[in-house]
Amino acid sequence: MINRAKEPERPHFEQLIQDVMARYQAAGVAVAIVNQETTLYQNFFGWRDAENQLPIDENTIFGLASISKSFTALAILQLAERGAIDLEGPLSRYIPEFCNAHAAQPVKVWHLLCHSAGFLPQPRTLASTVAKEMGIWQEGQAELGDHPGLAQRGAELICRRLDSQAEKTGRPGENLSYSNDSFGLLSEIVRRYGGEHSFPDYIENHILAPLGMNRSGVRFIAPAQDPNCSKLYYLEEDQRQWTRDFYDNAFVLMGGGAMKSTLADMKRYLQMYLRGGLTQDGAAVIGDYSLREMTKPRQQYAFQQQYGYALSIGRMGDWTMIGHGGSLTGVSSNFQWCPELGVGVVVLCNTSGVPAALIAEEALRWFDGRQIPAPRRQWQDAGWTPEQIAQAIGTYSSSEGDSDNSIQLYEENGKIALKRAGKPQPCVAAAQDLLIVPGPFADGGIQLLRDPQRGVWGLRTGGRILTKE
């Protein structure tokens, strides 16, 4: 472990967190930096319950949202190690409801692990909606995570919709487009082939229990009723609202975003990765080969970011950063680790839309002795030609239903301009097929996608491919 953290920089790091919280009206944030054996830094900001000013501690329950995908990937790789499934096997072998319609080649299990099955973004199939249609919903009382009928029906609906999708992002394995449905189907494979009653049971018995993560799980009612559970805050017309409903926007299949956890438990989870897949007692949660497979770059995810199996791989100067984030109603989360430094960071927040990844990255920068905050790059306009601008102009969207996933590119004063959800946003044509969108604390990238036959046919933003109308 290398520790270059400068104590005089600590106030700058903590002020950055306060600035982020103020900008995004975040109620509470929990942060920890760990190595393989111990906690190097831990702090709590704000409240788990802002109205009653109830503090956060390391046992406060937060939603994890898409960090859940890494748990699902671990479960799939455990099954592959046992020979229960084959990552090279077709999805239809394990979920026959999927007919592989309109695909040039079979969709394989590993394609789902890196969002490259060819599926375009789709509207969410919600647990509450399907439960109501099945007549098994009880407002505020239904624990749906263990219901096999709900999982079965969810798989049928998702497979039917994916098979009806004639347009693809490309051949299976060719392009990444972030797919919650893919990880929902992976959790259904775990349910069917894991030897347990349900997906939550498998995660608890084969990942959480060995790691001592006793306050984590894939449940909905019990965490919401826990006295040390965070409220879920979100902004509505710039006013902060709250709920305790973990079913809000929750997928019918649980593998994409249903995990809840605490800072104490997530430290144990992160340390497992830092130990190469081992528990504190030296037992293997996942084999070394499988862990290397998870962290192997396989797909372009975003500007200067690759994707493995449920983990993103980026760079911080000379160092590698591996991890994942999550976002749902009342949830902004991120965990990352740096193999070269031998440390990792967890950030949990109980408010939607907060850039938890930024806080995690700045935490690792602080640990590495770098300037806090990171200096902003001054992007130069690459000077797109009129032909390049004409090829890019158009409206790009998906059927996922999120208004943010509608982008219009147009020409203004001889340059490319951008609107997201109908609102103009500044952008810089930084390179061919790359637009940089400045943000309050960090910049985002939009990558144009083209091929010789169609020209510019789509773009990738936030890991998702939007197609040109």
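**A walk through the predicted chain**

At 6% relative accessibility, Y178 counts as buried, where buried stands for under 20% relative accessible area, exposed for over 50% and partly exposed for what lies in between, with a 1.4 Å probe and protein chains only. This is a predicted model, in which local features need pLDDT of at least 70 and side-chain atom pairs count only at pLDDT 80 or more, while totals for chains, interfaces and linings use all residues. Residues are numbered from 1 along each chain as its sequence is written, and side-chain values use heavy atoms, with hydrogens and water left out.

Y178 sits in the loop between α6 and α7; helices (H or I, at least four residues) and strands (E, at least two) are DSSP runs, numbered from the N terminus. Although Y178 and R464 are 286 residues apart in sequence, their C-alpha atoms are 4.9 Å apart in space. Contact means heavy atoms within 4.5 Å, and, with neighbours within four places in sequence left aside, Y178 is in contact with S66, K69, H115, Y301, Y307, H324, G463 and R464.

The helix α7 covers residues 180-193, and at 1.5 Å a residue its 14 residues should span 20 Å, which agrees with the 20 Å between its end C-alpha atoms; the expected span is 1.5 Å times one less than the number of residues in the helix. Twelve of the 14 residues of α7 are buried, so that this helix is mostly covered, and among the buried ones are N180, F183, L186 and R191. These buried residues pack against α2 (68-82), α3 (91-94), α4 (109-113), α6 (148-163), α8 (199-211) and β21 (464-468). Just after α7, G195 takes a positive phi of about 75°.

Some residues other than glycine also have a positive phi, and A65 is one of them, with a value near 55°. A65 lies in the loop between β3 (62-63) and α2, and this residue is buried, with a relative accessible area of 2%. D433, which is not a glycine either, has a positive phi of about 65°; D433 is found in the loop between β17 (428-431) and β18 and is buried at a relative accessible area of 15%. A further backbone feature is the cis peptide bond from I372 to P373, with omega near -5°, and P373 belongs to the loop between α12 (356-367) and α13 (386-392).

Strand β18 (residues 434-437) holds V437, a buried residue with a relative accessible area of 12%. V437 and P426 are eleven residues apart in sequence, and their C-alpha atoms are 6.2 Å apart in space. Not counting residues up to four places away in sequence, V437 touches L418, Q425, P426, C427, D443, G444 and I446.

Seen as a whole, the chain contains 13 helices and 21 strands. Its radius of gyration is 22 Å, close to the 23 Å that the globule rule gives for 469 residues, so the chain is as compact as a globular protein of that length; this radius is taken over C-alpha atoms, and the rule is 2.2 Å times the number of residues to the power 0.38. Taken along the principal axes, the C-alpha atoms fill a box of roughly 60 × 60 × 45 Å. Of the 469 residues, 57% count as buried, and among contacts between residues at least 6 apart in sequence, 64% join residues at least 24 apart.
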